[in-house]
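Please read it with the coordinates open.

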Amino acid sequence: MFGSITNWENDLFDQFDRLRREMEDVWGSPGGPASIRASASGSYPAINVGASAEGIDVYVFAAGLDRDKIDISVQQNLLSISGECMPTQPEKSSAHRKERFSGPFRRSLSLPEDIDPDSATASYRNGVLHLGFKRKAEARPRKIQINQ
Amino acid sequence: MTTDKRVARQDEQSPAAPADPKVILRPAVDIFENDHSICLFANLPGVPEGGLHLEVDDKTLTIQGDIEIEMPADMESLYADVRSTRYRRAFTLSSELDTAKIAATLKDGVLEVTIPKREEVLPRRIEITAG
């Protein structure tokens, strides 16, 4: 089940994976309608979004980025993340496999209406870009005290 | 930020990377070779140094990494491309590689593994002596 480190010709699982991706490109992934900004499966970088009472957290899985070259913008409630992955190849070497993404990338997603774009915080750690957005004060859950 | 944090782990459900125990992420790799060594780069975003396990066993190189991400305690997943917190991939090594001298670094989620070739298989320049 292992691919040889130098031989990529008969890597059956790679072939299955490619076939599955191509089929998804043709028929789309199963299920209901997708978001108009949803990108095809396998697009780079992978994104996870989580919601809490306080706000929204976006995790962008993009290893090896130069912090200065990550561009994050919020226009209205549309968050866009773009940047570029520089290819790494040691000098005087030949490539056996080149699966890692290289080149410019861009991903966008709509944030919920109750998010305050000015509250954004961003950090980049272990190859994951974490963006935190707080909900507008009026949308945050409030605890109501009962008068004595 | 809330001070109440938890960390995503493979053995529990985590919204930052909802874990399906059957799903193992397959990291993308680049493999290069020159006269002296083979160099492997693997994308393991989210894996800290402590979450990485590199194993060379009977000519098999196994890369395993566990994603650890801090997140608010009450977080729910809205959308997830990454549906597991574990990466794993294995490669068979050929006999000319010196597995005792493997060197590895992990920086910003990129693992770099260098496996030198054994000295006896390195290309040698043969001097031609004038006859």
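This is a predicted model: local features need pLDDT of at least 70, side-chain atom pairs count only at pLDDT 80 or more; totals for chains, interfaces and linings use all residues.

The points below take the fold of one chain, then the interface, then the side-chain pairs.

1. **Chain A, layout.** Chain A has 1 helix and 9 strands. Along the sequence the order is β-α-β-β-β-β-β-β-β-β. Contacts reach across the sequence as well. Among the chain A contacts with a separation of 6 or more, 56% join residues 24 or more positions apart.

2. **Chain A, burial and surface.** Chain A has 148 residues, and 34% of them count as buried.

3. **The interface.** The size of an interface is often given as the accessible area lost when the parts come together. Here chain A and chain B bury about 3800 Å² between them. Carbon and sulfur atoms carry 56% of this buried area. Which residues of chain B lose the most area to chain A? They are Ile31(B), Phe32(B) and Asp108(B), together 17% of what the chain B side buries. In residue counts, the contact takes 47 from chain A and 51 from chain B.

4. **Charges across the interface.** Side chains of opposite charge can pair when their charged atoms come close. Between chain B and chain A the count is 4 salt bridges. Arg100(A) forms a salt bridge with Asp30(B). The closest N and O atoms of Arg100(A) and Asp30(B) are 3.4 Å apart.

5. **Salt bridges overall.** The total over all chains is 11 salt bridges. Lys117(B) and Glu33(B) make one of them, at 2.7 Å from N to O. Why does this pair tie together parts that are 84 residues apart in sequence? Lys117(B) lies in the segment after β10 (110–116) of chain B, while Glu33(B) sits in strand β2 (residues 29–33) of chain B, so the bridge spans that separation. Both Lys117(B) and Glu33(B) are buried.

6. **A strand-to-strand bridge.** Arg86(B) and Asp66(B) also form a salt bridge, with the closest N and O atoms 2.7 Å apart. The pair links distant parts of the chain, 20 residues apart. Arg86(B) belongs to strand β8 (residues 86–92) of chain B, and Asp66(B) to strand β5 (residues 60–66) of chain B. Are the two partners buried or partly exposed? Arg86(B) has 21% relative accessibility, so Arg86(B) counts as partly exposed. Asp66(B) is buried, with a relative accessible area of 15%.

7. Lys101(B) forms a salt bridge with Asp98(B), the closest N and O atoms being 3.7 Å apart. Lys101(B) is partly exposed at 48% relative accessibility. Asp98(B) counts as buried at 12%. Elsewhere, salt bridges that share partners join Arg67(A), Lys107(B) and Asp108(B) into one network. Asp108(B) was also named in the interface point, among the residues of chain B that lose the most area to chain A.

8. **Aromatic pairs.** The count over all chains is 4 aromatic pairs. Tyr44(A) and Phe105(A) have ring centres 5.8 Å apart and planes at 75°, so the pair is edge-to-face. This pair links distant parts of chain A, 61 residues apart. Tyr44(A) is in the loop between α1 (12–27) and β2 (46–51), and Phe105(A) is in strand β7 (residues 103–110). Both Tyr44(A) and Phe105(A) are buried. Together with Phe101(A), they form one aromatic cluster.

9. **An aromatic pair in chain B.** Phe32(B) and Phe41(B) are edge-to-face too, at 6.0 Å centre to centre and 70° between the planes. Both Phe32(B) and Phe41(B) are buried. Phe32(B) is also one of the residues of chain B that lose the most area to chain A.

10. **Cysteines.** How many disulfides are there over all chains? The count is 0. Cys85(A) is in no disulfide, and the nearest cysteine sulfur, that of Cys39(B), is 17 Å away. That distance is too far for a bond. Cys85(A) is buried, with a relative accessible area of 5%. Cys39(B) counts as buried at 7% relative accessibility.

Definitions and conventions
Residues are numbered from 1 along each chain as its sequence is written. Chains are lettered from A and ligands numbered from 1 in the order in which they are written. Side-chain values use heavy atoms; hydrogens and water are left out. Rings of Phe, Tyr and Trp (its six-membered ring) pair if their centres lie within 6.5 Å; planes under 30 degrees apart count as stacked, over 60 as edge-to-face and the rest as tilted. Helices (H or I, at least four residues) and strands (E, at least two) are DSSP runs, numbered from the N terminus. Buried means under 20% relative accessible area, exposed over 50%, partly exposed in between (1.4 Å probe, protein chains only). Contact means heavy atoms within 4.5 Å. A disulfide is a pair of cysteine sulfur atoms within 2.5 Å. Buried area is the accessible area (1.4 Å probe) that two parts lose on being put together, summed over both. A salt bridge is a side-chain nitrogen of Lys or Arg within 4 Å of a carboxyl oxygen of Asp or Glu.
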